[in-house]
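Have the coordinates open as you read.

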Amino acid sequence: MTGSATDRRTGGQGGGRADGRVDGRVQRGEETRRAVLRRAVEIASVEGLGALSIGRLATDLGLSKSGVFAGFGSKEELQLATVRAARRIYYDAVIAPVEGDRPGLAAVWRLFESWIAYSRARVFPGGCFFYGVTAEFDAQPGPVRDLLATSAREWQQTVGALLEGARDAGELRADADPDQLVFALTSFMETANSQALLFGEDTPYDRAVRAARSLLRAEASDPDLLPEG
């Protein structure tokens, strides 16, 4: 889930005027939108996108319903905007810290650890935002599911690109299957997130780390290439 350039921006259309000054009304509107989306992400990560409503967000933030509605127009648009906001947060927390790393097993491992740290730290109050809301919408055709599917594909491609880079660098065996490794590694992540939330303990994260380390060492051209930790 790399996120588009638009997804990674925090501003909207910007509050600029022809004379270069900031339009106060536009700026206030953007600040309100950001506040609404911050609260929407928090709610959705715990209760799901279906729990979002214009009225609830207006009440929680002390805003008028008409003001919140004007920023989104419909519940579906609110849900889509919430997913896009979560994509930006996810990108900053998980992917940005490892961008620019030299291709190899160290980069793969850094990404895995970055994801575990993101889930463990509850960047989203409900654990991994995308784990919960994808389960909510995976059988519901429509724009929200389409955006979630795109996000999942982009995330898998991000992990896969690092694995392919490690194979091309000679640090994974030549017959290693990056797609299969993506499936296994992301499964470890998702299971750890789910069980840590359900049982209220960190042990699943430790198990996921051990499982991922064992898998990558088995697929490495030299097990010692995998960083310690």
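## Salt bridges overall

Searching the whole structure turns up eleven salt bridges, each being a side-chain nitrogen of Lys or Arg within 4 Å of a carboxyl oxygen of Asp or Glu. Keep in mind that this is a predicted model: local features need pLDDT of at least 70, side-chain atom pairs count only at pLDDT 80 or more, and totals for chains, interfaces and linings use all residues. Side-chain values use heavy atoms, with hydrogens and water left out, and residues are numbered from 1 along each chain as its sequence is written.

Arg39 and Asp60 pair up through their side chains, at 3.0 Å from N to O. Arg39 sits in helix α2 (residues 24-47) and Asp60 in helix α3 (residues 54-61), 21 residues apart, so the bridge links distant parts of the chain. Helices here are DSSP runs (H or I, at least four residues), numbered from the N terminus.

Arg39 is partly exposed at 25% relative accessibility, and Asp60 is too, at 38%. The scale runs like this: buried is under 20% relative accessible area, exposed is over 50%, and partly exposed is in between (1.4 Å probe, protein chains only). Both residues also belong to a salt-bridge network that links Arg39, Glu42, Glu47, Arg56 and Asp60.

Arg102 bridges to Glu171, with the closest N and O atoms 3.3 Å apart. This pair spans 69 residues: Arg102 is in the loop between α5 and α6 (105-120), and Glu171 in the loop between α8 (143-168) and α9 (178-199). Arg102 is exposed at 56%, whereas Glu171 is buried at 9%.

Then there's Asp206 with Arg120, at 3.7 Å from N to O. Asp206 lies in helix α10 (residues 203-219) and Arg120 in helix α6, so this bridge ties together parts 86 residues apart in sequence. Asp206 is partly exposed at 36%, and so is Arg120 at 32%.

Which residues of helix α7 (residues 129-137) are buried? They're Phe129, Phe130, Val133 and Phe137. Because they cover an arc of only 80° around the axis, they end up on the same side of α7; the arc is taken from the directions from the helix axis to the C-beta atoms.

Note on methods
Helix = DSSP H or I, 4+ residues; strand = E, 2+ residues; numbered from the N terminus.
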